[in-house]
Amino acid sequence: MSAGELLSIEPQELQFPFELRKQISCSLNLSNKTDNYVAFKVKTTNPKKYCVRPNTGVLLPRSTCNVIVIMQAQKEAPPDMQCKDKFLLQSVVASPGATAKDITSEMFNKESEHHVEECKLRVIYVAAPRPPSPVREGSEEGLSPRASVSDNGSLNAAESVSGTRLEQHKHQDNSDDVTSLSRSVIRTFSSGIEILWASAKSLIFKLTEEKNSAIQQNNRLQQELDLLRREAKRGNGGIPFMYVILVGLVGLVGIILGYILKTT
């Protein structure tokens, strides 16, 4: 801890648990040791690499402030994990009732009559904390479950067994739900196919009947036409009117029959 006349600063080193391609932050705790308003300002030798929030401010008498220093994500690790970046924290007595808006660069000018305190802080990279090892789940049914250790140091195998059985029941319930849903879908699909097949059979039967009826009617008309032709040959007169009508009907029936045959 820095023990200046105006501010106490903790810690004296900015320690960053360095990790590639990851934004990292650390904090500074500032404490005003006086009965005056104290303005502060944070500077760095590498402003593009760090972001300080807030970088300026005013501490009320006997108050504290937390400053967050954020290091931008780095693409490469420095040689030997050594960092040459440094920070400078300046502090000066401010007017009573002053706020951050009242801070000017002239307040921290050493050539002025103000007494400016300075504290240099260096940056240190430390090893990033290792993630906790994954905890294995209880053994399968039929094998002895792993015993867990409770807070008082006693083995708690019963809790491990209960957890394993609970997981098994959950998996079984999920499997039953999936099976019921599959059966319901299959039944619905089968019912739809049966309805479509019944409709198709009814339509085919109807078209077949119409086809047979048209064929029979065509045969009858053909027979009557042959009879009229024979009668026309016996007589000496012109073509009878009924003969013309029958010829037209035969042609019409033929057209209808052809359409029915194409649709079936």
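**Reading a predicted model**

Reply: Let us begin with a contact list. In this predicted model, Glu-19 touches Ile-24 and Ala-128, leaving aside residues up to four places away in sequence.

Me: Where does Glu-19 lie?

Reply: Glu-19 sits in the loop between strand 3 (13–18) and strand 4 (24–32). Its side chain also makes a polar contact with the side chain of Lys-22, at 3.4 Å.

Me: How far apart are Glu-19 and Val-126 in sequence and in space?

Reply: Read both distances together. Glu-19 and Val-126 are 107 residues apart in sequence. Their C-alpha atoms are 9.5 Å apart in space.

Me: Now take Glu-117. Is Glu-117 buried or exposed?

Reply: Glu-117 is buried. Its place is in strand 10, residues 117–127.

Me: What does the side chain of Glu-117 reach?

Reply: Look at the backbone. The Glu-117 side chain reaches the backbone nitrogen of Glu-5 at 2.7 Å. It also reaches the backbone nitrogen of Leu-6, at 3.2 Å. Glu-5 and Leu-6 are among the residues Glu-117 touches, and so are Gly-4, Leu-7, Leu-89, Gln-90 and Ser-91. That list leaves out residues up to four places away in sequence.

Me: Let us step back. How many helices and strands are there in the protein chain?

Reply: The chain has two helices and twelve strands. Follow the order from the N terminus: the elements run β-β-β-β-β-β-β-β-β-β-β-β-α-α. Of the 264 residues, 25% count as buried.

Me: What does UniProt list for residues 204–231?

Reply: An unreviewed UniProt entry lists them as "coiled-coil region". Then check the model. The span is 100% helix and 0% strand. Its end C-alpha atoms lie 41 Å apart.

Me: Where does pLDDT stay under 50?

Reply: Start with the whole chain. Its mean pLDDT is 80, and 77% of its residues reach 70 or more. Over residues 139–159, pLDDT stays under 50. The model has 17 contacts beyond four places in sequence for that stretch.

Note on methods: Residues are numbered from 1 along each chain as its sequence is written. Side-chain values use heavy atoms; hydrogens and water are left out. Helices (H or I, at least four residues) and strands (E, at least two) are DSSP runs, numbered from the N terminus. Buried means under 20% relative accessible area, exposed over 50%, partly exposed in between (1.4 Å probe, protein chains only). Lys and Arg count as positive and Asp and Glu as negative; His and the chain ends are not counted. A salt bridge is a side-chain nitrogen of Lys or Arg within 4 Å of a carboxyl oxygen of Asp or Glu. A polar contact is a pair of N or O atoms within 3.5 Å; within protein, one must be able to donate a hydrogen and the other to accept it, and residues adjacent in sequence count only if both atoms are side-chain atoms. Contact means heavy atoms within 4.5 Å. UniProt positions are given in the numbering used here, feature names are shortened, and annotations may be inferred rather than shown by experiment. pLDDT is the predictor's confidence in each residue, from 0 to 100.
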